[in-house]
Amino acid sequence: MGFLVTTLIFVLVGVVAALSLLLCCNRGVSTNLLHVTLVITAAVCCWMMWAIVYLAQMKPLIVPILSGE
Amino acid sequence: MGDLREPRRGCCPPMELMRSEAMQLVQIIIPIESSHLTMSYLGNLGLLQFKDLNADKSPFQRTYANQIKRCGEMARKLRLFKEQMTKAGIVPSAMPVTQTQVDFDDLEIKLGDLEAELIEVNANNEKLQRTYNELLEYMLVLQKGGEFFQSAQSRATAQQREIEAHQPGDASLDSPLLLEQEMLTDPSKQVKLGFISGLVPKDKSMAFERILFRATRGNVFIRQEPIDNPVTDPVSGEKVAKNVFIIFYSGERAKAKILKICEAFGANRYPFTEDIGKQMQMILEVSGKIAELKTTIDVGLLHRDTILKNIAHQFEQWNQLVREEKSIYHTLNMLSLDVTKKCLVAEGWSPVFATTQIQEALQRATRDSNSQVGSIFQVLHTRESPPTYFKTNKFTSAFQEIVDAYGIAKYQEANPGVFTIVTFPFLFAVMFGDWGHGLCLLLGTLFLIVREKKLSSQKLGDIMEMMFGGRYVIMMMALFSIYTGLIYNEFFSVPFELFGKSAYACRDPSCSDATTVGLIKVRRTYPFGVDPEWHGSRSELPFLNSLKMKMSILIGVAQMNLGIILSYFNATFFRNGLNIWYQFIPQLIFLNSLFGYLSLLIIVKWCTGSQSDLYHVMIYMFLSPTDELGENQLFPGQKTLQLVLLVLALISVPWMLFPKPLLLKKQHQERHQGQTYTALQSTEESLEVDHSHDSNGHEEFEFSEVFVHQMIHTIEFVLGAVSNTASYLRLWALSLAHSELSAVFYEKVLLLAWGYNNVIILIVGIIVFVAATVGVLLVMETLSAFLHALRLHWVEFQNKFYEGDGYKFAPFSFVLVGEEDE
């Protein structure tokens, strides 16, 4: 799975989470807006974390050197 | 910034929690006959914060000072009942569902009666108890004294018999004459020995004896007999270990001395007779009395318990009523009395959405109190800053408290609490990434959440209360920790190949150089998180250091940008164009031309796999921006981009500093010129309101002050951009510390114990491992990561946009009144 595919999965998960929140606890426009904001923020945070770790390992400058035993 | 225009309602619907509720200053004129009921209804509603209109009056000068005194007196009586109930071990029953209506005056009389009855019963009981204890002591004296006299007499008779046995046998010459003489002294000439008996505390007995001996120069005979069980002292009512004593003395002077000494030592004296027959009689008498008293006391206690049980039945209701009454009169005292003395005038803040609810309550109060005139409700216009009120639920309230602990938001400014709900637990989790520890945390907090209903009604300890209050914060922290733990690929520091095979493998089948040169990448990058192969390798630490340091900077820059963007929303909301053009834009440019560029370099370096040195690039961007980058160049045109960014950063500093104060000055001058025309408008408003405006409206404009303020702000931002970015490196440090600590506990405790192949060592190892994991990682590390996340939010994130100089909405509410008293 490449960078773009996983990113797409993150987007999809975010959208699904936001939509399901809208559907199952619909409590007026302003509350929905808060819920969607929270879901988007969480999705962005999680994606960022993953993307950083993924990118850092994409073209490794150092490789694992096993400790000799 | 002196902008008096109404805040703008945005294009999109307002987000809940983002802005505090719209507030209004309202005036209510209440007829005096319905004022009490009105207050009671408003207190139930709990959406109105009254202003103190009698701030210049002392508590005693106010209208309802007398009623408050009465309430205080009743509260005191209730406290007395509570004390008595806890002493008697009676728990007040919970609030009855069906509440009988209790009249305040009736309750006052009832409480008074109950108090008098209770005090009388208590006094009687005390008196009886004292007599009872005295009798018990007397009984002991009688018993012990009787024993003593009996044994003394039997010894004396034995001696007598011995002497008598001697006498007839050897009435010889060598029998001592003096002894005989002594023995035969006339009984009438004998000095009459008196004696005193009683009880003295055991720990004082030695001193008591010594003092007696000295005071009488040894002319006493003391006999002490310890009592096996401690007795209740009649005076103090405490259990004391005591000795029964009998003192023989001769002469009245000695007696007086002994009595005084007894008094000083708290020794209780009891009469005693030598005559055995009388003794028996007295013992019978005393034991009869004791039995009698015992039943009397039991009946008295039973009576008291029934009184207390009756009180306990309604205690909570009365307590609530008294508290409510007190708060009602307290609030009524804040209203100003109309000149005609027929109505009260109230002023206060209420959320706009509560208008209809308040009006309804007012109408209901008018109807229920059969008042001829209704209350008048009107909205006042003011330029005073309203209180800040966020409608939170049980999930958001703990997060809002995190923000409030730093400072209450200014009225309607953007609330960092919204993003804190996600970013706070996220930053915590970056430092606490281990999905094993995350699961432990989650289980703990789920326990609290499942038992929420039960726990919320209980009284918890201090620490437990804090944990319970923050249960949803901890839940979010645990969830994000599990996520970041999966990213870091650590389960109690052990990696798992959950998402496919490792990307690294040996160069050749023999794997000879895996420990010298290392593995090579043979597959695609590990799809989710850190490759498990890194764990335990010699290059693990350099790799994780580089990764986590860069991650801290990227996350930090992103969060600081979010903060600056929120300042844009604040500026548009308050229609403050100056803040957008001369604060938001240069700040955004400055931060991103330095640290945004650094973030870009980090990402480009990762994507291209370049060997260039980012420190070198950043340092020489300032030292010699025109030099060629050489081997450190990451992408074509980098030098030009750097030059542009540097120039932009340099421009944005004076851009932040100069235009805003100058423009403010110009605005002020324009307003000042037009003032003669605008002043007339305000005459329509009521005099009272106008008065409060004056102090705020015509503020003197001090250019130097504004300029210094702006200068401080600019310097703070410019220096802060550097120091705040550096501050985010704590994410790296703490996350590293956490993973290293858990690795040490795992390897040096659990694996070491496992290696011994001994069950006992293994069990000890497991115990130590669990204790260390819970104590150090789950408690201390959680606390430290929590504090660091807190700091990153309060300082690094909030200083970009948050003013936090508001004050909290404190409505008059019975629910809050109850909580305060607890």
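1. A polar contact is a pair of N or O atoms within 3.5 Å; within protein, one atom must be able to donate a hydrogen and the other to accept it. On that criterion, 15 residue pairs are in polar contact between chain B and chain A, with both residues at pLDDT 80 or more. The model under discussion is predicted.

2. As to the extent of the interface, 35 residues of chain A are in contact with 54 residues of chain B. The two chains bury about 4,100 Å² between them, and carbon and sulfur atoms account for 74% of that area. E16(B), T525(B) and W606(B) supply 14% of the area that chain B buries against chain A, more than any other three residues.

3. Chain A contains two helices and zero strands. Its C-alpha trace spans about 60 × 20 × 20 Å along the principal axes. The radius of gyration of chain A is 18 Å, whereas a compact globule of 69 residues would have one near 11 Å.

4. An unreviewed UniProt entry annotates residues 34-56 of chain A as a "transmembrane region". In the model this span is 100% helix and 0% strand, and its end C-alpha atoms lie 33 Å apart.

5. For chain B, the "transmembrane region" annotation, again from an unreviewed UniProt entry, covers residues 426-450, 471-488, 551-569, 581-604, 640-658 and 759-780. Two of these segments may be set against the model. Residues 551-569 of chain B are 100% helix and 0% strand, with end C-alpha atoms 27 Å apart. Residues 581-604 of chain B are likewise 100% helix and 0% strand, and there the end C-alpha atoms are 31 Å apart.

6. Which residue forms a salt bridge with R70(B)? The partner is D105(B), and the closest N and O atoms of the pair are 2.7 Å apart. The pair links distant parts of the chain, 35 residues apart: R70(B) belongs to helix α2 (residues 65-88) of chain B and D105(B) to helix α3 (residues 104-169) of chain B. Side chains of opposite charge can pair when their charged atoms come close. Over all chains, the count comes to 18 salt bridges.

Methods:
Residues numbered from 1 in each chain as written. Chains lettered and ligands numbered in written order. Predicted model: local features only at pLDDT ≥ 70, side-chain atom pairs only at ≥ 80, totals over all residues. Heavy atoms only, no water. UniProt positions renumbered as here; feature names shortened; annotations may be inferred. Helix = DSSP H or I, 4+ residues; strand = E, 2+ residues; numbered from the N terminus. Contact = heavy atoms within 4.5 Å. Buried area = accessible area lost by both parts, 1.4 Å probe. Polar contact = N/O pair within 3.5 Å; in protein donor to acceptor, adjacent residues only side chain to side chain. Rg over C-alpha atoms; globule rule 2.2 N^0.38 Å. Salt bridge = Lys/Arg side-chain N within 4 Å of Asp/Glu carboxyl O.
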